[in-house]
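Visitor: Hi, could you walk me through this one? I have the structure open and would like to know where to look.
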Amino acid sequence: MATPQSDTPLSPLRTVAVVGLGTMGTGIAEVLAAAGRDVIGIDVQEAQAAKCVAALEASTARAVERGRLTGQQRAELLARVTTGTDLSAAAPADLVIEVAPESYEIKQQIFRELDGIVRPDAVLATGTNALSVTRLAADSAHPERVLGLHFFNPAPAMKLVEVVSSVLTAPAAVTAVTDLALDLGKEPVAVGDRPGFVADGLLFGYLNQAAAMYEARYASREDIDAAMRLGCGLPMGPLALLDLIGIDTARTVLEAMYSASRDRLHAPAPILKQLSEAGLTGRKAGRGFYTYEAPGSGTVVADALTPREDGPSGAGRPVRSVGVAGSGTMASGIAEVFAKAGFEVVLAARSEEKAQAAKARIGKSLSRSVDKGRMTAEAAASTLDLIRATGTYDDFADVDLAVEAVAEDLEVKRQLFTTLDKVCKPGAVLATTTSSLPVVACARATSRPQDVIGMHFFNPAPAMKLVEVVRTVLTADDVHATVREVCAKIRKHAVDCGDRAGFIVNALLFPYLNNAVKMVQEHYATLDDIDAAMKLGGGYPMGPFELLDVVGLDVSLAIEKVLHREFRDPGLAPAPLLEHLVAAGCLGRKTGRGFREYAKR
């Protein structure tokens with residue numbers, strides 16, 4: 001076998017030692033054994049080694065029950081795994097993967113001992129997601145054979161593996177572990193050595209901001225988590241995910257990221273320190289942001305912070321008819337939502353033709369629902385009959401709720417609210433669907449700011465379940481109650497938030513997107529690798545660059561500028577690469593080119 005110092009390919013890594021048999025180490029051991037590798041599991045605690053064996057037996061038994069393994073395959077898999085407490089057992093290993101606690105002292109001690117145990121040509125990999133691979137390698141007798149191999153939890157299910165090179169790593173070692181990852185059925189992404197790498201580098205900044213948002217009492221933990229699940233299609237909300245990862249682990253990762261970047265967005269939110277030092281580290285402790293049935297359980301139980309089931313106290317105003325202002329995709333979608341729920345809808349635009357075109361769009365949408373068997377032709381016809389298209393806002397005179405969905409331009413919206421103030425009856429609720437502009441500025445354009453509120457629908461409105469309900473400091477309690485009741489009737493999930501830039505979803509989403517652009521700008525990783533990392537490692541439905549091109553780079557830049565202006569945080573300044581693309585007219589799918597090029601329709 002050649003040494004990792006040369007570019008000569010290494011022989012296949014057949015025998016692998018896994019040092020540290022916690023959840024991650026056990027998962028990696030299972031993946032390796034399932035792919036035919038001989039696995040030497042090592043943990044300083046005998047009880048942990050026994051727990052690993054029990055977990056493997058249980059996991060493989062479930063696989064047999066589900067038909068994924070035969071009894072014979074299970075027996076062979078388990079026979080390929082041996083466990084013990086002595087590091088010297090790693091002597092025959094072609095590759096050692098350490099998954100010890102995130103501590104330089106612990107990891108460096110392991111590597112120093114391994115230097116005297118394994119062959120000089122064996123590859124040493126660290127599973128760290130927060131510490132410097134270069135620093136760990138530099139302390140080794142053979143730094144050229146040390147690299148990072150970052151699996152994601154649960155290792156058997158998650159496809160992503162980040163292969164992390166330091167400036168000292170031999171190309172042959174990188175090739176060998178990349179080939180191994182492919183043989184394991186994983187998708188390896190090659191990255192350089194910086195805390196968090198790609199996936200966690202983007203993920204933990206977002207999680208940190210969510211923790212800070214909760215700490216500031218801007219929104220409840222339930223609303224923050226629901227907003228990101230329903231508004232972005234994420235598998236888990238950020239606070240529930242922090243509890244799963246471990247709040248102490250998250251704090252360690254963020255500390256490492258901040259020490260490298262000095263970006264305030266990576267400075268751990270104080271609540272992470274408070275919870276960690278109180279022992280409230282998440283699911284493993286039975287309590288973190290949420291309270292769990294028992295330590296290690298994923299079942300959330302009610303506690304003092306759980307919202308009441310009957311929701312906010314106080315009754316809202318009666319709403320029978322709704323006015324929707326606008327003629328674009330969002331306006332027609334919102335009108336369709338209200339009509340489907342049985343409300344009489346007045347759809348008003350700047351001209352009769354625009355209003356009729358918007359109604360025709362709704363008709364086509366309803367026809368598609370009929371074709372897919374989601375509603376009957378009769379129901380579609382009666383829904384469309386509830387919508388009256390008009391070219392004048394004067395027809396809003398009798399509506400109980402007016403919802404504007406016009407251009408995202410503050411002056412345009414203010415002028416419209418001035419008009420609504422004149423034509424709508426006293427007591428009518430006036431709502432704006434803005435995603436980034438101050439709701440109070442719309443309210444101040446009227447003589448009744450107490451009746452104005454934000455109702456931020458997500459696109460496409462008929463499909464997306466989330467509505468951010470945005471109260472200003474002037475919004476009346478019964479107006480807030482009215483909108484909450486209306487959201488329930490139109491079968492949307494309402495989350496409450498205050499009137500500040502980005503509300504919940506955009507305030508958490510767009511800094512994450514901006515940070516992804518910075519990674520490409522700094523040549524740290526490619527578009528494809530970043531998109532793959534977030535889809536495979538974070539469970540995101542789209543990678544950040546796919547999403548940016550769909551949203552529109554001009555829209556994204558505008559939101560970034562609003563966030564930067566509001567919060568004055570240097571870390572929120574739009575990435576220059578994003579500004580350059582917008583200046584060049586590369587706005588995403590709508591122009592045929594953004595971060596990627598698209599075929600012209």
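Visitor: Which residues have the most contacts inside the largest nonpolar core?
Guide: Phe289 and Phe396 do, in a core of 104 residues. Keep in mind that this is a predicted model.
Visitor: And which helix gives the largest share of this core?
Guide: Helix H18, residues 505-521, which supplies 11 residues.
Visitor: What is Phe396 in contact with, leaving aside its neighbours within four places in sequence?
Guide: The list includes Gly323, Val324 and Ala325, then Val346 and Ala348. Ala402, Leu420, Val423 and Cys424 are in contact with Phe396 as well.
Visitor: Which residues does the second core include?
Guide: Ala339, Phe343, Leu401 and Ala431 are among them; that core is separate and has 36 residues.
Visitor: Okay, rings now. How many aromatic pairs does a search of the whole structure find?
Guide: The search finds 6. One of them is Phe338 with Phe343, an edge-to-face pair at 5.7 Å centre to centre, with 80 degrees between the planes.
Visitor: Are those two, Phe338 and Phe343, buried or exposed?
Guide: Both are buried. Ring pairs also link them with Phe457 into a cluster.
Visitor: What about Phe545 and Phe595, how are their rings arranged?
Guide: They are edge-to-face too, with 4.8 Å between centres and 65 degrees between planes. Phe545 belongs to helix H20 (544-551) and Phe595 to the segment after helix H22 (576-583), so this pair ties together parts that are 50 residues apart in sequence. Phe545 and Phe595 are both buried.
Visitor: Which ring does the charged end of Arg194 sit over?
Guide: The ring of Tyr524, 4.2 Å from its centre. Likewise, the charged end of Arg500 sits over the ring of Tyr218, at 4.0 Å from the centre.
Visitor: Switching to strands: what is the order in the open sheet of 8?
Guide: The order is E13-E12-E11-E14-E15-E16-E17-E18, and the pairing is mixed.
Visitor: Why is one side of E13 and of E18 left without a neighbour?
Guide: Because E13 (387-390) and E18 (493-498) stand at the edges of the sheet, each with a single partner strand. From one strand to the next, the twist averages 25 degrees.
Visitor: How many bridges join E14 to E15?
Guide: There are 4, between residues 401-404 and residues 429-432, and the two strands run parallel. Glu404 stands opposite Thr432 in E15.
Visitor: Last one: which strands does helix H8 touch?
Guide: Helix H8 (221-232) packs on the sheet and touches E17 (466-471) and E18, making about 125 degrees with the direction of E18.

Methods: Residues numbered from 1 in each chain as written. Predicted model: local features only at pLDDT ≥ 70, side-chain atom pairs only at ≥ 80, totals over all residues. Heavy atoms only, no water. Phe/Tyr/Trp six-rings, centres within 6.5 Å; stacked < 30°, edge-to-face > 60°. Buried < 20%, exposed > 50% of the residue type's maximum accessible area, 1.4 Å probe, protein only. Lys NZ or Arg CZ within 6 Å of the ring centre and 35° of its normal. Pairing = 2+ DSSP bridges. Axes fitted to C-alpha atoms, helices over the stretch in contact; angles between N-to-C directions. Contact = heavy atoms within 4.5 Å. Core = buried A, V, L, I, M, F, W, Y, C linked by side-chain atoms within 4.5 Å.
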